[in-house]
Amino acid sequence: MPDVTIVIPNYNGMAVLDTCLRSVLAQKGVTAQVIVVDNGSTDGSQEFTGRNFPACELVCLDRNYGFSRAVNEGFRRAKSRYVILLNNDTEAEPDFAARLLAAIRRHKKCFSCQACMLQYQDRERLDSAGDLYCALGWAFSRGKGKSADAYPKGGRIFSSCAGAAIYRRDVAERLGGFDEAHFVYLEDVDICWRARLAGYENRYEPRARVYHIGSASSGSRHNSFKVGYAAGNSVYLIYKNMPLPQVLLNAPFLLAGYLIKYLYFVKKGFGGDYRRGIRRGITLCRANRDRRFSFRAEHIPVCARLQLELWRNILRLPS
C-alpha cells in the first residue's frame, strides 16, 4: 500500500502537465500512487501523459464531467488512506507530499491540510495560505499577494483549496465525496464545510510548498463560464450547509455581499452572467434538497463556532 495517492485532474492542460508530473514523480520520503484523471481533453493531454509518464495511472473520461467528478474518480481508485489533490498547473517541491502527510497524521481530527501555494511567476508571493469564508457569502484565499513568509505557522483554516491539499479518504467517503452538482468552483469549500459540521478541522501546512500558475483550465481570472458557475455554486453552498436560522441571522450580510459582487461584475461586463449564475444556483437547490445538511440540536455548538468565524473573517478580507 502506498503512503499517499496523488490525484491530478486535467482538462486540456498539456502545456503545463510536463512540469507538474515531473515534480510529482520526484517526491522524496514517501511512496506515492499517482493518478491523472483526464476530463475528455482534446489537446493531446491523454496521449502525452501515456507516452511520457507511464509511471502514472491514467484515467480517461469520455467528456468533461467537471472537477468534482474527476476528483471522485481519483478517490475511488486510491489505494492509500490519504489522498493529495493537486492542480495540473503546479510545480511541487520534492518534500511537498511528505510534509503534508506528516501534518495530517499529527492531528487525528484533521480532515484536510493545505500546502502553501506560491505564485509560479513570483515565487516570493503567496497565492493561497488557506481558504476563508465570511458572512457576506464570499470565499477567498488567505494572504494572496503577500510575502511568501507571511504565514509561517501552521494552524486551522476554514477550508483547504483542492489545488494542493491532502485528505483522509475514509472521511471523504463518509461525507459523500465531492459534490458533482458543483461541477467546478467551491466544491472544496463545500466538502470542508461538511467536515467541519461533522466535527473535523482543516489545517494549513506552510512547509509543504507548491508553485501555482492559476486559471490554466478556465483561461483567465474573469470569464463568463467562471463568473456564472461561481455565482450559482455560492448559492448552493449556503443552501446545503447553513441551517435556516443561520441563514436568517446572516441575511443582511448575504444580501450586501451579493449586491456588491453583482455591481462589481456589472462594471466588468459580466452582470448578465452573474444573474444567470444565481438562477442556476436556485435551480441546484431545488434539485438537490436531499443533500442539505440535516440540522439537529447537537449541532448548535459547532454552528455557533462557525458563525463567529464567518463574522471574524469579514475583517480578514483582502484590502
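Contact here means heavy atoms within 4.5 Å. The structure is a predicted model, in which local features need pLDDT of at least 70 and side-chain atom pairs count only at pLDDT 80 or more, while totals for chains, interfaces and linings use all residues. Residues are numbered from 1 along each chain as its sequence is written, and side-chain values use heavy atoms, with hydrogens and water left out.

1. Pairing of α7 and α8. Helices (H or I, at least four residues) and strands (E, at least two) are DSSP runs, numbered from the N terminus. In α7, Val227, Ser234, Val235 and Ile238 meet Val247, Leu254, Tyr258 and Phe265 of α8. The residues of this contact comprise seven nonpolar, one polar and no charged. In this count Ala, Val, Leu, Ile, Met, Phe, Trp, Tyr, Cys and Pro are nonpolar, Asp, Glu, Lys and Arg are charged, and the others, Gly among them, are polar.

2. Geometry of the pair. Two packed helices are described by the angle between their axes and the distance between the axes. Axes are lines fitted to C-alpha atoms, for helices over the stretch in contact, with angles from 0 to 180 degrees between N-to-C directions. Helix α7 (residues 224-241) packs against helix α8 (residues 244-268) at an angle of about 175°, and their axes lie 12 Å apart. That makes α7 roughly antiparallel to α8 (angles under 35 degrees count as roughly parallel, over 145 as roughly antiparallel, 65 to 115 as roughly perpendicular and the rest as oblique).

3. Phe253. This residue belongs to helix α8 and is partly exposed, with a relative accessible area of 31%. Buried means under 20% relative accessible area, exposed over 50%, and partly exposed in between (1.4 Å probe, protein chains only). Apart from neighbours within four places in sequence, Phe253 is in contact with Ala135, Leu136, Trp311 and Ile314.

4. Helix α1. The twelve residues of α1 (residues 14-25) should span 16 Å at 1.5 Å a residue, and the end C-alpha atoms are 17 Å apart, which agrees; the expected span is 1.5 Å times one less than the number of residues. Val16, Leu17, Cys20, Leu21, Ser23 and Val24 are the buried residues of α1. Viewed down the axis of α1, these fall within an arc of 160°, so they line one face of the helix; the arc is that of the directions from the helix axis to the C-beta atoms. The buried residues of α1 pack against β1 (4-10), β2 (32-39), α2 (45-52), β4 (82-86) and β5 (90-92). Ala15 and Arg22 are exposed, on the face of α1 turned away from its buried side.

5. Helix α3. This helix (residues 67-77) is mostly covered, with eight of its eleven residues buried. They are Phe67, Ser68, Ala70, Val71, Asn72, Glu73, Gly74 and Phe75.

6. Arg196. Helix α6 (residues 187-197) contains Arg196, which is buried at a relative accessible area of 13%. Neighbours within four places in sequence aside, Arg196 is in contact with Ile157, Phe158, Glu201, Asn202, Val302, Leu306 and Glu309.

7. Positive phi values. Most residues other than glycine have a negative phi. Asn12, although not a glycine, has a positive phi of about 50°; Asn12 lies in the loop between β1 and α1 and counts as partly exposed at 26% relative accessibility. Leu186, also not a glycine, has a positive phi of about 70°. Leu186 lies in the loop between α5 (169-174) and α6, and counts as buried at 17% relative accessibility.
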